[in-house]
Amino acid sequence: MTDLNRRYLLTGAAAVGAATALTPFATPSAHAAAPATGKQAPGFYRYKVGSFECTSINDGARTFPMPDTFVRNVPKEQALAAAEAAYMPKGMVTVPFNPQLINTGGKLVLIDCGNGVAQFEPSKGAVGRTLSNLAAAGVDAKSIDIVLMSHLHPDHTNGIHSADGSMAFPNAEIMAPAKDWEFWMNAENAAKAESNPMMKNYFANVKKVYAGIESKVTRYDWGKEVAPGITAIDASGHTPGHTAFAVASGSSKILIQSDVTNIPELFLRNPDWHVAFDIDPVQAAATRRKFYDMAAAEKALIAGFHFTFPSMGYVEKDGAKYRLVPVAWNPVI
């Protein structure tokens, strides 16, 4: 019996390579090695919710050095340890982005639309992949009926425009939460944010993205069906109007959690940690616990915008924390 110890694993491959080189009768390969492709495959994953056909669309992921205040209420070393425990590159954090496409049979609804491409040319395709992945999934952007924004942060809303500045979904009704729209479009709120670089940029971005199309944006309220089978849920804290959605068809349901948590390896495991992007971190933490307690009790399927693709799973209580149980890839719909 072979002992698979560390020494064997480290030396085995080298020994096999040396033995092959010394074998006098080794047969050369019949074919040359295929050239490297140098790019990732399209990212989309289809699933069913009752009679609805849904698709998780990968907009990409960003890996960057963890800022000192990425988690506001714990030491950076503790946050880095959590990231390294999740096998993120040392000193770094990886944030994925995943809009959801819901085909109700009568409407094609895109929940959030990603980072957009024009602002992220240096990323070399790491983000801003929603349009290309929709196309790879066989979905024409012109066929989208509704673009439903969960909130107005750049990674959720900038994809409303194509690289040339035109409307990426020219035939779609754009819907935004009323409370978020009121907050970000308020000049007094913008003036108060002048001393906070991140918030200042957020306000400027909303004004830029929606310049000239303000009258075309439909504002929606919580607790109501905003599209067939899709109900808006108060998930405030991340932003004043941050919204989650319950998508239901027949007896099936999925909870689209938007940004109830940022990357789950840090903030689902540690629901009271304050991510830098939460405007009201105390309210955001309370929303997390309320949302995940409900999801765990209902054993509800969840889609998370910042979950690892295909961005779906179940949440279980784990003492004072929670743990995510990712769904297994299903080769059939």
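**Stop one: the cores**

Begin with Ile 144, Phe 169 and Tyr 210, the residues with the most contacts inside the largest nonpolar core, which has 31 residues. A nonpolar core here is a set of buried Ala, Val, Leu, Ile, Met, Phe, Trp, Tyr and Cys residues joined through side-chain atoms within 4.5 Å; buried means under 20% relative accessible area with a 1.4 Å probe, protein chains only. This is a predicted model, where local features need pLDDT of at least 70, side-chain atom pairs count only at pLDDT 80 or more, and totals for chains, interfaces and linings use all residues. Residues are numbered from 1 along each chain as its sequence is written, and side-chain values use heavy atoms, with hydrogens and water left out.

Now color β6 (108-111), β8 (173-177), α5 (178-184) and α7 (197-209): each supplies at least two residues of this core. Helices (H or I, at least four residues) and strands (E, at least two) are DSSP runs, numbered from the N terminus. The top contributor is α7, with five residues.

Next, grab Cys 54, Tyr 220, Ile 230 and Ile 254, which are among the 23 residues of another core, apart from that one.

**Stop two: around β12**

Select 243-249, strand β12: six of its seven residues are buried, so the rest of the structure largely encloses it. Strand β11 (residues 230-234) pairs with β12 in the antiparallel sense over five bridges (pairing takes at least two DSSP bridges). Thr 231 has Ala 246 in β12 as its bridge partner.

Finish on strand β13 (residues 252-258), antiparallel to β12 and joined to it by five bridges. Val 247 stands opposite Ile 254 there. Two residues lie between the strands of this hairpin, and Gly 250 in the turn has a positive phi of about 60°.

Key:
Buried < 20%, exposed > 50% of the residue type's maximum accessible area, 1.4 Å probe, protein only.
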